[in-house]
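Visitor: I have a model open and some questions about it. Can we go through it piece by piece?

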Amino acid sequence: DALRRSTADPAKWDLVEVKSAGSCKPHHVWDISLQHHVISRTGLVSIDRCLVAHVDRSFVFDASTYNGLVTEVDVSDKLEPTNNLERVIEDVKALAQDASPCPPATMGSKCDRPFTCEYKEQCAGPPKAEVPISILPHVGRRLALDWQARGVYDLRQVPRKSLKTKLAKRIWDAHNEDRVIVSREIRRRLKQMPWPRYFMDFEMVQQGVPIIPGSRSRDSHPFQWSVHRWDSLDQTVRLEDGMSFLQFNGEDLRVNFLESLMAAVGNEGPVFVHSISAERSVLQL
């Protein structure tokens with residue numbers, strides 16, 4: 001954040017709230033409202049405008065300049081009323097005291113909006129589950145919050161009939177019966193698959209400030225892959241036997257990524273991935 005001398009009135013200052021987001025959001029206006037409230041009461045400076053600076057997602061880095069990466073939105077006429085700010089400040093003062101109790105509020109999805117609350121773990125207390133509900137794919141995080149409000153933390157304590165999907169029920173069965181469950185269909189299809197078999201994984205990175213020419217802020221870039229080849233049931237696949245690629249920058253990043261990957265997996269044999277949607281999105285870039 002910054003105080004910048006006003007171009008309209010050199011005796012005043014512009015207050016600039018700098019965000020890495022791609023647009024001005026309501027909670028950004030709340031942030032700068034609070035800063036304006038505090039600064040105004042010091043009597044040290046006079047504020048002309050309140051601006052939220054954020055990344056312009058249309059900006060494309062040309063390897064020579066970052067002019068245009070950040071744009072500013074004037075929110076001077078959208079600031080929170082003073083009485084709202086003072087009320088919140090008084091509420092927060094009590095929570096800031098040593099040994100302050102947790103607020104009398106039930107945890108839920110609000111604890112992660114617009115960001116995860118830094119006191120969330122304190123409200124939740126120590127881990128209470130050997131098999132947390134959050135392990136369920138897609139819905140686990142939401143269900144964990146819902147059941148936590150009822151005092152249930154372990155997946156095995158969740159009623160099976162409350163689970164909506166076959167996959168969730170299968171995971172519930174595996175943990176409650178303490179056994180590995182592999183469907184007959186998966187066994188059949190695995191036996192039919194030819195050799196060699198490849199196990200592939202990608203890693204992506206996003207750059208708030210783009211350093212790859214031709215890219216925008218928050219573009220996803222594949223920078224690492226790992227591949228393990230399995231030739232027969234008699235072979236033991238070890239971690240150190242894998243092939244890999246790693247590169248962080250350069251206009252040729254994606255080309256090098258794909259060319260090296262194609263050489264590693266060859267032309268024959270199935271490829272197994274952890275998340276087919278993620279790997280497919282990289283290959284379709």
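**Backbone, cores and pocket**

Guide: At 35% relative accessibility, Arg-218 counts as partly exposed, a class between buried (under 20% relative accessible area) and exposed (over 50%), with a 1.4 Å probe and protein chains only. This is a predicted model, where local features need pLDDT of at least 70, side-chain atom pairs count only at pLDDT 80 or more, and totals for chains, interfaces and linings use all residues. Residues are numbered from 1 along each chain as its sequence is written, and side-chain values use heavy atoms, with hydrogens and water left out.

Visitor: Where does Arg-218 lie?

Guide: In the loop between strand 5 and strand 6; helices (H or I, at least four residues) and strands (E, at least two) are DSSP runs, numbered from the N terminus. Phi of Arg-218 is near 70°, a positive value in a residue other than glycine.

Visitor: What about Ala-63, what is its phi?

Guide: Positive, about 75°, although Ala-63 is not a glycine. Ala-63 sits in the loop between strand 3 (47-55) and strand 4 (70-74) and is partly exposed, with a relative accessible area of 48%.

Visitor: Which residues does a cis peptide bond join?

Guide: Trp-195 and Pro-196 are joined by one, with omega about -5°. Pro-196 is in the loop between helix 6 (184-192) and strand 5. Arg-113 and Pro-114 are also joined by a cis peptide bond, omega about -5°, and Pro-114 is in the loop between helix 2 and helix 3.

Visitor: Switching to the core. Which members of the largest nonpolar core touch the most others?

Guide: Phe-202, Trp-225, Val-227, Phe-257 and Leu-261, out of 13 residues. A nonpolar core is a set of buried Ala, Val, Leu, Ile, Met, Phe, Trp, Tyr and Cys residues joined through side-chain atoms within 4.5 Å.

Visitor: Which element gives the largest share of this core?

Guide: Helix 7, with five residues. Strand 5 (197-206), strand 6 (220-230) and helix 7 (253-265) each supply at least two.

Visitor: And what does Phe-257 touch?

Guide: Leaving out residues up to four places away in sequence, Phe-257 touches Phe-202, Pro-222, Phe-223, Gln-224, Trp-225, Phe-245 and Val-282, where contact means heavy atoms within 4.5 Å. Apart from this core lies another of twelve residues, including Ile-133 and Trp-147.

Visitor: Which helix gives the most to the lining of the largest pocket?

Guide: Helix 3, with four residues. The lining divides into 18 nonpolar, six polar and six charged residues.

Conventions: Nonpolar A, V, L, I, M, F, W, Y, C, P; charged D, E, K, R; others polar.
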